[in-house]
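Open the model in your viewer and keep the selection panel at hand. The stops below follow one interface, one selection at a time.

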Amino acid sequence: MGNSSDIKLLGTAASPFVNRVQFVFNLKSIEYEFVNENLACKSELLLTSNPVYKKVPVLLYANNPPLAESLIIIEYLDEIYPDIHPILPSDPLDKANNRFWANYIDTKFFPLFEELRRTPGKEGKEAIKKQIIEGSELLEEAFVKFSKGKAYFGGDDLGYLDVVLGCYVGWIKFVEKNNDFKMIDEVRTPKLLEWTNRIWSHEALKDVIPGSETLMNFYMMLQTYKPPRAA
Ligand SMILES: N[C@@H](CCC(=O)N[C@@H](CS)C(=O)NCC(=O)O)C(=O)O
């Protein structure tokens with residue numbers, strides 16, 4: 001197993017991308033040191049270890065060059081710890097389909113949350129909510145396809161897409177509450193709703209999923225540094 005002094009994760013508790021890596025550390029029982037970053041005042045370590053994007057997470061693994069981008073990090077961990085809780089399927093086509101949906105989640109679905117925060121006016125916000133709801137319906141269909149009647153996207157236990165989408169459950173609840181709507185509910189997305197509850201209570205994840213206070217502090221920081229667009 002990894003030794004915590006050899007493995008460091010630069011991150012912040014409210015970041016879903018960081019949480020995603022923490023999920024995989026926990027699933028694979030890898031010890032690591034969490035190095036907290038203040039994104040309002042980035043450390044020299046972050047700026048030099050991720051000079052391209054200057055974002056968290058960054059993995060510092062032994063003496064290897066730093067590795068950035070959450071999906072790249074979790075796939076790397078899956079390759080170097082293949083025997084404990086593999087997350088990607090071995091079949092090339094299944095793997096490609098998992099990556100397709102991960103790409104959809106990160107480049108289309110989740111960015112709508114930020115769009116909702118930054119869009120001014122009731123009308124504009126309602127249009128974004130509609131897109132989020134449509135997105136969650138697509139994810140319900142994907143869940144039915146991948147899970148094949150089992151509990152997780154990965155089947156009987158957590159797989160790649162459970163980690164990739166699961167890191168957003170805290171933000172989903174937060175965005176629903178703050179914008180007075182439901183993107184996941186028992187009528188349109190019943191399977192995803194059950195899945196969300198399983199994610200919340202999963203042993204390897206529950207201590208990583210940020211609470212509402214952590215999310216609110218992060219949200220307030222965003223409101224200051226990247227305020228909503230002018231009407
Ligand atoms: N595509 C990146 C996204 C990482 C990301 O957006 N991280 C945010 C925190 S949630 C960040 O570091 N933001 C700092 C900034 O935008 O300057 C990944 O998957 O790792």
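Start with the whole interface in this predicted model. Domain 1 and domain 2 bury about 1,800 Å² between them, and 72% of that area is on carbon and sulfur atoms.

Next, colour the two parts separately. The contact involves 17 residues from domain 1 and 23 residues from domain 2.

Which residues of domain 1 lose the most area to domain 2? Select Ala14, Arg20 and Phe23 to see them. Together they account for 34% of what the domain 1 side buries.

Now look for charged pairs. There are 2 salt bridges across the interface of domain 1 and domain 2. For a salt bridge to display, select Arg99 and Glu75, whose closest N and O atoms are 2.7 Å apart.

Then show helices on the side of domain 1 that touches domain 2. Select α1 (16-27) and α3 (70-80), each of which supplies at least two residues of that side. The largest share, 9 residues, comes from α1.

Methods. Residues are numbered from 1 along each chain as its sequence is written. This is a predicted model: local features need pLDDT of at least 70, side-chain atom pairs count only at pLDDT 80 or more; totals for chains, interfaces and linings use all residues. Side-chain values use heavy atoms; hydrogens and water are left out. Contact means heavy atoms within 4.5 Å. Buried area is the accessible area (1.4 Å probe) that two parts lose on being put together, summed over both. A salt bridge is a side-chain nitrogen of Lys or Arg within 4 Å of a carboxyl oxygen of Asp or Glu. Helices (H or I, at least four residues) and strands (E, at least two) are DSSP runs, numbered from the N terminus.
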